[in-house]
Amino acid sequence: MSMESMYRRQELYRLVKTVFVRHMADLSIIFYTCTQNSATIRGVLRKLIGSDFTAQEVKAILADLSRLPRLKKMRFDLENWEISDQGISWHIKLTCPVKQNVDDQEKIIVLEYPFNGN
């Protein structure tokens with residue numbers, strides 16, 4: 001692999017990650033691999049706050065990804081979304097909604113320190 005092709009691949013990794021960060025996706029459960037002109041995206045696509053994206057939000061992510069320079073092909077293997085290329089449009093369907101656990105919700109913990117008056 002030449003240095004130029006390695007640089008292009010690393011640049012594509014960075015650009016794909018930037019799209020997911022911009023849309024506040026949880027990067028700990030989505031995984032992607034890139035070649036010089038394609039990306040494969042696997043895992044679970046959900047928001048950082050633990051809830052599902054809407055179909056319109058997923059469409060916006062796909063639009064941002066498709067605008068990336070040199071990205072010619074995208075393949076999706078997601079656990080909670082079915083995304084397929086239909087030629088001039090995308091088929092997007094939520095297949096497994098995220099169940100909100102108590103552990104996923106924001107918790108506020110109050111720590112009280114003893115006050116001695118000193």
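The structure is a predicted model, in which local features need pLDDT of at least 70 and side-chain atom pairs count only at pLDDT 80 or more, while totals for chains, interfaces and linings use all residues. Residues are numbered from 1 along each chain as its sequence is written, and side-chain values use heavy atoms, with hydrogens and water left out.

## Overall architecture

The protein chain has two helices and five strands. Helices (H or I, at least four residues) and strands (E, at least two) are DSSP runs, numbered from the N terminus. Along the sequence, these elements follow the pattern α-β-β-α-β-β-β. Of the 118 residues of the chain, 31% count as buried; buried means under 20% relative accessible area, exposed means over 50%, and partly exposed lies in between (1.4 Å probe, protein chains only). A contact requires heavy atoms within 4.5 Å. Among contacts between residues at least 6 apart in sequence, 50% join residues at least 24 apart.

## The sheet

Three strands form an open sheet in the order β1-β2-β3, with mixed pairing. Two strands pair if DSSP finds at least two bridges between them. The edge strands, β1 (30-34) and β3 (73-78), each pair on one side only. Neighbouring strands of this sheet are turned by 15 degrees against each other on average, direction ignored. For such angles, axes are lines fitted to C-alpha atoms (for helices over the stretch in contact), and angles run from 0 to 180 degrees between N-to-C directions.

Strands β1 and β2 (residues 38-43) pair in the antiparallel sense over five bridges, and a hairpin of three residues joins β1 to β2. Within this pairing, Thr33 has Thr40 of β2 as its bridge partner, and Phe31 stands opposite Arg42 in β2. Strands β2 and β3, by contrast, run parallel and are joined by six bridges. Here Thr40 stands opposite Arg75 in β3. Between these two strands the chain passes through α2, and this β-α-β crossover is right-handed; that term applies if, with the strands pointing away from the viewer, the path from the first strand over the helix to the second runs clockwise. Strand β2 is mostly covered, as five of its six residues are buried.

## Helices on the sheet

Helix α1 (residues 3-22) lies across β1 and β2 and runs at about 150 degrees to β1. Helix α2 (residues 55-66) also packs on the sheet, where it touches β2 and β3. The direction of α2 makes about 145 degrees with that of β3.

## The nonpolar core

A nonpolar core is a set of buried Ala, Val, Leu, Ile, Met, Phe, Trp, Tyr and Cys residues joined through side-chain atoms within 4.5 Å. The largest such core has 24 residues, of which Val16, Phe20, Ile41, Leu45, Leu65, Phe76 and Leu78 touch the most other members. At least two residues of this core come from each of α1, β1, β2, α2, β3 and β4 (81-85). Helix α1 supplies the largest share, five residues. In soluble globular proteins, nonpolar side chains tend to be buried together.

The contacts of Leu78 give an example. Not counting residues up to four places away in sequence, Leu78 touches Ile30, Ile41, Arg42, Gly43, Leu45 and Ile83.

## Salt bridges

Side chains of opposite charge can pair when their charged atoms come close. A salt bridge is a side-chain nitrogen of Lys or Arg within 4 Å of a carboxyl oxygen of Asp or Glu. The whole structure contains five salt bridges, including those in the table.

| Salt bridge | N to O distance |
|---|---|
| Glu4 and Arg8 | 2.8 Å |
| Glu11 and Arg14 | 2.6 Å |
| Arg22 and Asp64 | 3.1 Å |

Glu4 and Arg8 are separated by about one helical turn because they are four residues apart in helix α1. Arg8 counts as partly exposed, at 31% relative accessibility. Glu11 and Arg14 both lie in helix α1 as well, three residues apart, about one turn of the helix. Glu11 counts as buried at 18% relative accessibility, whereas Arg14 is partly exposed with a relative accessible area of 44%.

The pair of Arg22 and Asp64 has a salt bridge of 3.1 Å. This pair links distant parts of the chain, since Arg22 lies in helix α1 and Asp64 in helix α2, 42 residues apart. Asp64 counts as buried, at 15% relative accessibility. Salt bridges that share partners join Arg22, Asp64 and Arg67 into one network.
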